[in-house]
Amino acid sequence: MKMNFRKNSKAIILLAVIAAFLFVAARGMSGKDVLITVLRGFSVGSVTFLVAAGFSLIFGLLDVLNLAQGTLYMIGAYVGWTVYVRPDTFIDVLTPVLLILAGFSLSAIWGRLASLIRLAPKARKTVAWILILAGLGLLALILTRYPIAVWDLNNYSESPITYSYMADQGMRIIPAEATFEKISPVLALMGLLVTSGISAVGIALLNREANRTQEINWRKLVLPAGLLLVGILVAIFNASLTRWMFSISSNLLFVISVVVAIISGVGLGALMETTLIRPLYNRPIYQLMLTLGLGTIGLQIVQAVWGRPEFVLPKPEFFTGTGGACPATNLSDLFTNHCSTIMLLGGRVRVYDEIFIPIVGIIVLIMVWFLLKRSRIGMVIRAGVQDRQMVEALGINVRRVFTLVFALGVGLAAFGGALAAPSSGLTPTMGEKLLLSALIALAIGGLTSFPGAALGSLLVGLIQQFMIKYGQIGIPLPFTDAVFKPSPALVPASTVLLMVVVLLILPHGLLGNKE
Amino acid sequence: MNNILEVKNIHSFINQYHILQDVDFVVPKGSITALLGRNGAGKTTTLKSILGLANVRQGKVIFNDREVQGMPPFEIAALGIGFVPEHRAIFRDLSVEENLKIAERNKGDLERKKTFIFDLFPDLKKFLHLRGTELSGGQQQMLAIARALVADNSLLLIDEPSEGLAPVIIEHMIDVIHQLSEQSTVVLVEQNFLVASKLAEYFVIIEEGKSVATGLMKDLEADQAMIHRYLGAA
């Protein structure tokens, strides 16, 4: 207990010193500057927190440093952009994705059958790989012929930048539809299902031992059948769905975009964990290289699909009102006119960037906190962080919890990306910057501590924004007339400096556990 | 079938180390069986092999007429095996109540077993909202045993129940384990021969990864030469 108090007192003193610094720094500013800077700090902190929280959950339970987290944040942003700006592309992509998932989800059923086939282990492996590769090869053949309406990076009038601009101007014209030309629709749909099914048989053959005890029941068929049905329905009603997506309010469309981004993140996370991370649990160096490599591959894919130039995800109507009673001076004005800005302490505050994002950050913080502290799965996670074997010895499938946590962590990062996209814009470098901020935030807060991730992210956001602000107004140096203006390069450096100071005094971060 | 558990000539590995090299014994239903032997002989690994926490590469583990070797530990445990590990493994971030609740296999397990568990361990009831690791050593051991009782387990594997406990508490522990054995079969590892002899009806002696002797505890008690040979001074 005594040690506990001493450790906490150190953290409290350190926090007090940081707060005093921020207070002194704020003294030279006007009230509205301080307010806006603090709100921006909260905003950046919230987005950083979403990435850092996922990182910390994954590291805490799985001991995996997921260095792809930055790229997954970026993918979340680009997926959100695609759904929001090009719903037709999203609808076109939906069918193949669902059918492929349906094909692969059959592997649970093949598993039992595969375990009955008697083959020498070597032959089994060879057959399995032949099936997997043949399936994937045929799948690629079909996919390249599958019609998907998409932007054109080489043609400016059809580039993402132009579509962003049009969406921003409220010009929501449905682009030309892609049609089945190179392949017949029936063949394409059947092919997607069958080829992914073939790969699934291969995968099932590889996992013979794991499937030995699995039972086949009708419940296992529900998921593949459901995916198949939805996929085919989307294909049939493609045109009307597209028209519907273009006709709904941009607020609803934005919500759909964010939800799709989160689901993509969760799906990618689950896929990563089950296929790539799982075989490497006892090899941390390989995990690092793997996640780093995946991050780079993801970055290249993003550049190839969406291009290098920067563009924005336009804000939905709810945050773009101008004129009339805008900027709003009270809440009723804000809600009736959907103002993009609001006057606070005489300063103009952007509603989406500086109010909405922090609120979402706080809501997510509370939700994840409740998940950890009040739900059974949270209990299992907290126990598993300490002793996986014991949790497993209680009859709990820890692997499934691992997959879930990894998926949740990646989903949070993707959520962060989609949330930040209307405020910070989309560039292929957005992930790297945020990964670094998130890592620094975690080091400051304590690597496996969830509240630490929140506190660290907030501090990183605040310090960055104060440094940016001082870059504009300068810090008056005491006893002289000189003014020190930190250059933009000092913004990231200042967070690193804070990290160094914190780690020198508290090697486990502000709220980290000693381990 | 009278035996709830049969361990048949198993060879087990932890990482690349070949720890068990032919362990073979049976556990009759409703009995208390003690695994005895010197430090590092492979007693704990034997318990872990039953649960699948150690890798059984040869031989069979049969629980309730079902071969369980090679199955993932959580599936084996779910068949009805409770585990009380060495050093208790109380979850420090969980309250006493959560430490019990996490062991539920069906919703409401804890609710059903509450009276039974708190009759055995009245202390736990008082400290339900403390963190697990704020309890004393004896109370932590009680909690670890209680945790194994939350789900319906027909077999309890208990590793070193008396380790680090005061004599008075050990007496209580012996009492508790006797009460438990009325409902479940118990296999325990015990360094303290006096405690083991008070508890168990059957014994298995493990020496350098092999089971070298099995039988009735009362026969072993009478055989000072054997005690001396395998267990050192009793």
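The expected span of a helix is taken as 1.5 Å times one less than its number of residues, and helices are DSSP runs (H or I, at least four residues) numbered from the N terminus. In this predicted model, local features need pLDDT of at least 70 and side-chain atom pairs count only at pLDDT 80 or more, whereas totals for chains, interfaces and linings use all residues. Residues are numbered from 1 along each chain as its sequence is written, and chains are lettered from A in the order in which they are written.

For α6(A), 25 residues at 1.5 Å a residue should span 36 Å, which agrees with the 37 Å between its end C-alpha atoms. Helix α6 (residues 121-145) of chain A packs against helix α8 (residues 185-206) of chain A at an angle of about 160 degrees, with the axes 7 Å apart; axes are lines fitted to C-alpha atoms over the stretch in contact, and angles run from 0 to 180 degrees between N-to-C directions. The two helices α6(A) and α8(A) are therefore roughly antiparallel (an angle over 145 degrees). Their crossing is left-handed, that is, the near helix is turned anticlockwise from the far one by less than a right angle.

Residues in contact (C-beta atoms, placed from the backbone, within 7 Å) include Trp129(A) and Leu136(A) in α6(A), and Thr195(A) and Ile203(A) in α8(A). By class, this contact of α6(A) with α8(A) has 17 nonpolar, six polar and one charged residues; Ala, Val, Leu, Ile, Met, Phe, Trp, Tyr, Cys and Pro count as nonpolar, Asp, Glu, Lys and Arg as charged, and the others, Gly among them, as polar. The buried residues of α6(A) are Ala128(A), Leu131(A), Gly135(A), Leu139(A) and Ile142(A) (buried: 20 or more other C-beta atoms within 10 Å; exposed: 12 or fewer; partly exposed: in between). Their cover includes α8 of chain A.

Among the residues making the contact are Met74(A) and Tyr78(A) of α3(A), together with Leu299(A) and Trp306(A) of α13(A). Six residues of this contact are nonpolar, four are polar and none is charged.

Asn8(A) lies in helix α1 (residues 2-27) of chain A. Asn8(A) is exposed, with 12 other C-beta atoms within 10 Å. Although 498 residues separate Asn8(A) from Leu506(A) in sequence, their C-alpha atoms are 9.9 Å apart in space.

Terms used:
Angles under 35 degrees count as roughly parallel, over 145 as roughly antiparallel, 65 to 115 as roughly perpendicular and the rest as oblique. Two residues are in contact if their C-beta atoms, placed from the backbone, lie within 7 Å.
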